[in-house]
Amino acid sequence: MTTLEMFGLSDLIGHRFGSCMVGGMATRRPAPRWRVTCSRCHSAWTEDHGKLTNAGNLYRCRNVGCAKAQEDEMRQPVGLRPVTNA
Ligand SMILES: [Zn+2]
């Protein structure tokens, strides 16, 4: 962990958490919050720094329907995925 991360100020811009991409900082005080956009459903919201870094790639979209679709997809064995370009 770097000094910046200890203070919760590491730059998350451009980082990806699950299907969600950090587009910019929403606010720095009292704790950093980030603007997050879902690349699946294009929902946008702000999220606590810690929630993003703790969840990592397990972070889920705020859109409940989108997050559920994402989990269903991940649970499906690769061989059973529908072939779209057949
Ligand atoms: Zn989404």
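1. Two strands pair if DSSP finds at least two bridges between them. Keep that in mind as you look at this model, which is a predicted one. Strand β2 (residues 20-27) and β3 run antiparallel, with six bridges joining them. Cys20 has Cys38 as its bridge partner in β3. Five residues sit between β2 and β3, and the two strands form a hairpin.

2. Now step back to the whole sheet. It is open, has four strands in the order β1-β2-β3-β4, and its pairing is antiparallel. β1 (16-17) and β4 are the edge strands, since each pairs on one side only. For β1, the pairing with β2 is antiparallel and takes two bridges; Phe17 has Cys20 as its bridge partner in β2.

3. On to the other end of the sheet. β3 pairs with strand β4 (residues 44-48) through five bridges, again in the antiparallel sense. Arg33 finds its bridge partner in β4, namely Asp48. This hairpin also has five residues between its strands, and His42 takes a positive phi near 65° there.

4. Have a look at the side chains of β3 (residues 33-38). In a regular strand, side chains alternate between the two faces of the sheet. Here Trp34, Val36 and Cys38 point to one face and are buried.

5. Finally, helix α3 (residues 64-75). Its twelve residues should span 16 Å at 1.5 Å a residue, and the end C-alpha atoms are 17 Å apart, which agrees. Is this helix buried or in the open? One of the twelve residues is buried, so α3 lies largely in the open.

Technical notes: Residues are numbered from 1 along each chain as its sequence is written. This is a predicted model: local features need pLDDT of at least 70, side-chain atom pairs count only at pLDDT 80 or more; totals for chains, interfaces and linings use all residues. A residue is buried if 20 or more other C-beta atoms lie within 10 Å of its own, exposed if 12 or fewer, and partly exposed in between; C-beta atoms are placed from the backbone. The expected span of a helix is 1.5 Å times one less than its number of residues.
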